[in-house]
Amino acid sequence: MKTVYNFSAGPAVLPKPVLEKVQEEMLDYEGTGMSVMELSHRSGAFQEIIDGAEALLRGLLRIPDDFHVLFMQGGASLQFSMIPLNLLCPGQTADYIVTGSWSKKAVKEAEKVGEVRTHLPDSQHSIPQFSRDDFSKDARYVHITSNNTIEGTRFNGYPDTGEIPLIADMSSHILSEELDVSKFGLIYAGAQKNLGPSGVTVAIIRKDLVGHAPEHCPALLDYETYVKHGSLFNTPPTFAIYVLKLVLQWVKENGGLEGMEARNREKAELLYSAIDHSGLFSNPVLPENRSLMNIPFTADSDEVNARFLKEAKEAGFEFLKGHRSVGGMRASIYNAMPLQGVKELVDFMNNFERELSE
Ligand code: PLP
């Protein structure tokens with residue numbers, strides 16, 4: 001099999017040991033004689049999987065007891081709709097800090113439900129500090145995208161919203177670093193970057209924020225439905241939840257969030273340092289807001305970008321093309337990207353630059 005390093009923003013690289021375990025158990029899950037894909041979601045074996053996934057996530061993130069953990073479908077994009085449908089009524093206001101394309105999409109859905117007050121940083125390459133006084137007094141919640149997958153930015157410290165619940169889309173960096181869950185009202189993430197395969201979405205929601213959806217809210221868009229039925233109101237994405245559980249096990253075995261953060265910082269520093277010391281590549285993000293997960297960079301012309309991408313692909317570096325709205329390159333280096341992958345990318349970049357100047 002061809003060896004590649006996968007820098008995709010998502011669906012993204014999964015830990016090799018997880019994929020090997022999936023392969024090993026594919027036809028016979030723990031002696032059941034069946035694949036996990038074939039197990040009833042009402043079976044004891046699947047109940048153990050979903051309970052195990054929740055317990056692992058609770059342990060890794062030290063989720064306080066006054067939070068529910070929910071497994072849903074519809075991706076992070078459906079959360080853009082579910083959040084206002086559950087927590088905002090017509091005439092009420094929610095504040096959204098708009099730090100990139102995904103925040104904008106979240107705003108669009110919230111505007112269909114209630115009033116939205118947006119806070120737009122001057123530049124998409126940095127995120128200023130916000131304080132309680134910046135937000136509407138009567139805001140039902142404040143929404144942030146804590147890591148901006150496309151722009152390659154992240155919050156450096158979360159805003160103090162006082163009594164107003166802080167809601168964060170953590171799709172592209174959940175489990176990548178230490179986190180104090182108690183500072184948030186709701187955290188959500190599509191799984192396909194740091195949690196597992198696409199198809200499952202995780203929400204960690206403070207208990208007092210459940211049960212506020214209006215009567216006409218469809219059952220599957222009401223958080224309370226998932227709480228009441230242990231995320232098993234209807235058929236959940238069983239295979240994705242099984243792989244997610246294996247990923248969480250892998251995170252635990254590899255030092256938990258502390259271990260992930262140390263590895264992620266080392267990888268990110270290596271790549272940013274290579275970019276900053278290069279005469280060819282650059283990254284526009286303010287150092288304190290640089291993402292540890294998604295690192296955009298460009299060469300000095302579209303022509304050189306295209307040549308870099310072509311040669312990188314031939315050398316086994318996959319999905320390095322930047323998002324179409326930003327151009328250039330983007331290396332997504334999620335938890336499962338080994339340090340060796342980043343080292344080899346840096347060597348490749350250095351060689352490319354040297355050859356170009358010869
Ligand atoms: N939010 C962020 C920060 C993302 O990076 C993405 C996808 O890349 C989404 C939301 C959309 O996620 P989904 O495709 O699960 O709806």
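Let's start on one side of helix α7, where E258, A262, E266, S273 and D276 are exposed; a residue counts as exposed if 12 or fewer other C-beta atoms, placed from the backbone, lie within 10 Å of its own, as buried if there are 20 or more, and as partly exposed in between. Helices (H or I, at least four residues) and strands (E, at least two) are DSSP runs, numbered from the N terminus.

This is a predicted model, in which local features need pLDDT of at least 70 and side-chain atom pairs count only at pLDDT 80 or more, while totals for chains, interfaces and linings use all residues. Residues are numbered from 1 along each chain as its sequence is written.

The buried residues of α7 are L257, M260, R263, N264, K267, A268, L271, A274 and I275. Seen down the helix axis, these buried residues fall within an arc of 135 degrees (taken from the directions from the axis to the C-beta atoms), so they line one face of α7. An α-helix has 3.6 residues a turn, so residues three or four places apart point the same way.

What do the buried residues of α7 pack against? Their partners are listed here, with contact meaning C-beta atoms within 7 Å.

| Element | Residues |
|---|---|
| α2 | 44–61 |
| β11 | 294–297 |
| β13 | 329–332 |
| α9 | 339–357 |

Helix α6 is also one of these partners.

Now the wider view: an automatic or database assignment sets the domain bounds, and the protein chain is divided into domain 1 (17–253) and domain 2 (256–357). Their contact takes 25 residues from domain 1 and 24 residues from domain 2.

Notes
Two residues are in contact if their C-beta atoms, placed from the backbone, lie within 7 Å.
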